[in-house]
Each structure stands twice: as structure tokens, then as C-alpha cells.
Amino acid sequence: MKNVTDSCVFLVHWPSAGSFGFNTDILATNLINLSVVFGVLIFFGKGVCADNLLSLSDLLDNRKQRILNTIRNSEELRGKAIEQLEKARARLKKVEMEADQFRINGYSEIEREKMNLINSTYKTLEQLENYKNETINFEQQKAINEVRQQVFQQALQGALGTLNSCLNNELHLRTINANIGMFGAMNEITD
Amino acid sequence: MNVLSYSINTLKGLYDISGVEVGQHFYWQVGGFQIHGQVLITSWVVIAILLGSAALAVRSPQTIPTSGQNFFEYVLEFIRDVSKTQIGEEYRPWVPFIGTMFLFIFVSNWSGALLPWKIIQLPHGELAAPTNDINTTVALALLTSVAYFYAGLTKRGLGYFGKYIQPTPILLPINILEDFTKPLSLSFRLFGNILADELVVVVLVSLVPLVVPIPVMFLGLFTSGIQALIFATLAAAYIGESMEGHH
């Protein structure tokens, strides 16, 4: 029974007999089979035979081609986009220039209109000033005339009153004589 | 007693002839832990292969990819497709995780099937694919668990736990159980498949050293690739499942 337990222990704990080293037995290390498997893998991997679907290198080539195509396409698209951008930029520049032109034209138009308006207003203003002055002159003249007429009338009335009040015969005669003498002198002068 | 010891002797003899070592490990003592050294060594080789080829591929990146870069971009596209179909719209942050899973498992499996590990002899055990060891696969599966919990919790907050009582609260035990069965099934599936592949090849080689193992080796390569894909796809599917909300 001891034997059994011993061998059990033996099975569990392998004695530390060996050490690191190389196994040179070709059959035990399975080298030939491994090299065959390796060779077949590389054969299929490299895709030596033309039309096999498993070939890794074909797969990778396809992938590379796909990437190349994608890059080429996107570069083409990029070129087109850049071209369009250039076109759009040129158009923008043109439109901007036109807008500037329009703006300048508009400004000068507005300026001219303003000057015209100012001038016409100025003229109107001047005319109104003239009218005003004339009216004032006229009014002044009228007032002066009125005052003059009134003063004259009063003087006349005064004179008439004076005449009517203190005109007696003697004075009447003297006045008539004086007037006749005056008229005679005037007649002499005119002759 | 005699019969027993005799049978044990025959067994030992058979064992020596077959030379198939299962469950033999090259133990390292790190702290209080026993570590399977052969797994670490092969893992490091796998990591070195991955990092080295990645470094080579991105050494001089070009707009029009040449061979190495092209291949790795193709791989990246493939991983991105897988994660996009499984996770959905917000797949982008998870591509590195899924990619790491897929590439590590794939290269591990294929290294086990293609590299002549047996040339190098260890004191105990033998070198094989890292995924040949249950510890590696369990670690990967637990990482996946952590990842989908993290994804769910960050996406939906505590509302994530609402999925446990959906569609009905009766399913609560089953839903909780699922969190344990997911990493279990992931790890056991990968481990079992890879171990079985390598065992079949080893047994066949010990019986008929030439030609006969070759088809099985190809089958092993195929299964290895499929297993890596399945692991990555399932990890992505779990992450996607925990991220999608039931509105």
C-alpha cells in the first residue's frame, strides 16, 4: 500500500532530474511535420498558385489597391473642390467689385442730389429774403406816405382853419395883392 | 498487493514509452506562490512576438500601407469589425481590449501549433502554448468579467444591477449564476480545445511520427484560430450586452 502512495506522489511530484537543454531528436520534436505545415501555410499565404481565394497576399494586395483607389478618388474630389472654390472666389471678387462700383455711384449721386437740393433751397431762401425786404420797404413807404398824407392833411386843415378864422377883408385884400404881385413876378420871370 | 505493484510498474513503463507529459509543470517559487514557469516563458515569447511585430509595423507609417503595415491594418480592421458588430455604436473604447484578447490568444494558440517548442527541454514539464494552461485562460476570462462589469457600471451606473431582475425577478438566481458561468465557460472552452489539440498531435506523433499528424495539425491551426475568434467575440458580446440598456 505504501508503494501505491509513493507512486502517486511520484506521479504528482516529478523528480528534478533534467535541466535546461536541447532535444535533438528530430522525430520527438516533430520538426518535419512542423516544417511541412509551415511550408504549406507560407505557400498558401504567399499565394503562389494563381487563383486561390485563401491567399493572404492577394487579400492584402486587394486592400492596398482599395486604399490606393480611395486616396486617388478623394484627391480627385479635392482637386475638383479646390477648382470650384477658386471659381467661387473669383465670382465673389467680381461681385464685390460691382457692389463697390454701385456704392460709389450711389454716393456720388446722393452727393449731387444733396448739392442740388441745397442750392435750390438757398435760392428759394434768397428769393424769400428779397420778397421780405421788398415787402418791408413797401410797407415802410406806405407808412411814410400815410404819415405824410395825414400830416399834410392836418397842416392843410390847420391852414384852412386859420384862414377861415382870421381872414378879414383887409387881410384878404393884402393876400390877394401879394399873390397878384407874386404871380406878376412869376409871369415876368417866365416871360 | 503484488498485483497492484505489478500493475503500477507496467503503468510506469507505459508512461515512459509514451512520453506524453500531462500536468507536469516547471514550477517557480515567487513569494508564497508556485508559478508555472513554462507558461510564463511562452507567454513572454508570445508577447515579444506581438510587441516586436507591432513595433516593426509602425516603425515608418505610410499613407499607402506596405506589406507589414498593411497586414496589421487589416488585422486591426478585422478586430474593429468584430467589436463593432458585437458591442454596437460605442465600440471604440473597447477595441484595444478585444484586440488584446484576440491577438494574445491567437498568437498563443498558433505558437503552440507552429513553433517547435519541444526543441528546448525544461527540468520539468514542457513548453507549449500559454493557453494550454488553465491559469492563463481563467485569467483571461476573469479579465473579461471585470471588463463587462466595468462597462455596464460606467455606462448605466447602479441601474446596471436592474438587469438581474429582468425580465422577471424569478430569474434572479439564474442571472446571478450567469456571472459565474460566463468566465467558467470561456476559460474551460479555450483551455479544453487547445489542450485537446496539442494532446492529439502529441499522441499521434508518439504513435506515427511522420505525415499522419499533419492533417490533425492543420485542424489544430483551424481550431486555434476559431477559438481565439470565439473568445474575442464572446468577450465583446458580453461587454455589449452589459452596456445595452432595457428602456
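Contact here means heavy atoms within 4.5 Å. On that basis, among contacts in chain B between residues at least 6 apart in sequence, 67% join residues at least 24 apart. The model is a predicted one.

## Composition of the two chains

Chain B contains seven helices and three strands, arranged along the sequence in the pattern α-β-β-α-α-α-β-α-α-α. Of its 247 residues, 40% count as buried. The accessible surface of chain B is about 13300 Å², and 72% of that area belongs to carbon and sulfur atoms.

Chain A has four helices and one strand, and its pattern along the sequence is α-β-α-α-α. Of the 191 residues of chain A, 7% count as buried. Chain A exposes about 16600 Å², with carbon and sulfur atoms supplying 61% of this surface.

## Helix packing within chain B

Two packed helices are described by the angle between their axes and the distance between the axes. For helix 3 (residues 67–87) and helix 4 (residues 95–114) of chain B, the axes come within 9 Å and cross at roughly 115°. Helix 3 of chain B is therefore roughly perpendicular to helix 4 of chain B. The crossing of these two helices is right-handed. Helix 3 of chain B contributes B:Val75, B:Leu76, B:Phe78, B:Ile79, B:Arg80 and B:Ser83 to the contact, while helix 4 of chain B contributes B:Val95, B:Ile98, B:Gly99, B:Phe102 and B:Leu103. By class, the residues of this contact are eight nonpolar, two polar and one charged.

Helix 4 of chain B also packs with helix 2 (residues 37–57) of chain B; their axes come within 10 Å and cross at roughly 115°. This crossing, too, is right-handed. On the side of helix 2 of chain B, the residues involved are B:Ser43, B:Val46, B:Ile47, B:Ile49 and B:Leu50, and they meet B:Leu103, B:Phe104, B:Val107, B:Ser108 and B:Ser111 of helix 4 of chain B. The contact of helix 2 with helix 4 of chain B comprises seven nonpolar and three polar residues, with no charged residue.

## Helix packing between the chains

Helix 3 (residues 56–166) of chain A and helix 3 of chain B have axes that come within 10 Å and cross at roughly 90°. These two helices are therefore roughly perpendicular to each other. From chain A, the residues in this contact are A:Leu56, A:Leu59, A:Leu60, A:Arg63, A:Lys64, A:Arg66 and A:Ile67; from chain B they are B:Ser67, B:Asn70, B:Phe71, B:Glu73, B:Tyr74 and B:Glu77. The contact of helix 3 of chain A with helix 3 of chain B has six nonpolar, two polar and five charged residues.

One of the chain A residues in this contact, A:Leu56, lies in helix 3 of chain A. Is A:Leu56 buried, partly exposed or exposed? With a relative accessibility of 32%, A:Leu56 counts as partly exposed. Leaving aside neighbours within four places in sequence, A:Leu56 is in contact with A:Phe44, A:Gly45 and B:Phe71. A:Phe44 and A:Leu56 are twelve residues apart in sequence, and their C-alpha atoms are 7.3 Å apart in space.

## Individual residues in helices and loops

B:Thr223 is located in helix 7 (residues 213–243) of chain B. Its relative accessible area is 16%, so B:Thr223 is buried. Apart from neighbours within four places in sequence, B:Thr223 is in contact with B:Asn193 and B:Asp197.

B:Val211 belongs to the loop between helix 6 (172–207) and helix 7 of chain B. Although B:Val211 is not a glycine, it has a positive phi of about 65°. B:Val211 counts as exposed, at 59% relative accessibility.

In chain A, A:Ile26 lies in the loop between strand 1 (21–22) and helix 2 (31–46). A:Ile26 counts as partly exposed, at 44% relative accessibility. Not counting residues up to four places away in sequence, A:Ile26 touches A:Leu31 and A:Ile32.

Methods. Residues are numbered from 1 along each chain as its sequence is written. Chains are lettered from A and ligands numbered from 1 in the order in which they are written. This is a predicted model: local features need pLDDT of at least 70, side-chain atom pairs count only at pLDDT 80 or more; totals for chains, interfaces and linings use all residues. Side-chain values use heavy atoms; hydrogens and water are left out. Axes are lines fitted to C-alpha atoms, for helices over the stretch in contact, and angles run from 0 to 180 degrees between N-to-C directions. Angles under 35 degrees count as roughly parallel, over 145 as roughly antiparallel, 65 to 115 as roughly perpendicular and the rest as oblique. A crossing is left-handed if the near helix is turned anticlockwise from the far one by less than a right angle, and right-handed if clockwise. Ala, Val, Leu, Ile, Met, Phe, Trp, Tyr, Cys and Pro count as nonpolar, Asp, Glu, Lys and Arg as charged, and the others, Gly among them, as polar. Buried means under 20% relative accessible area, exposed over 50%, partly exposed in between (1.4 Å probe, protein chains only). Accessible areas come from the Shrake-Rupley method with a 1.4 Å probe; for residues, only the protein chains shown count as cover.
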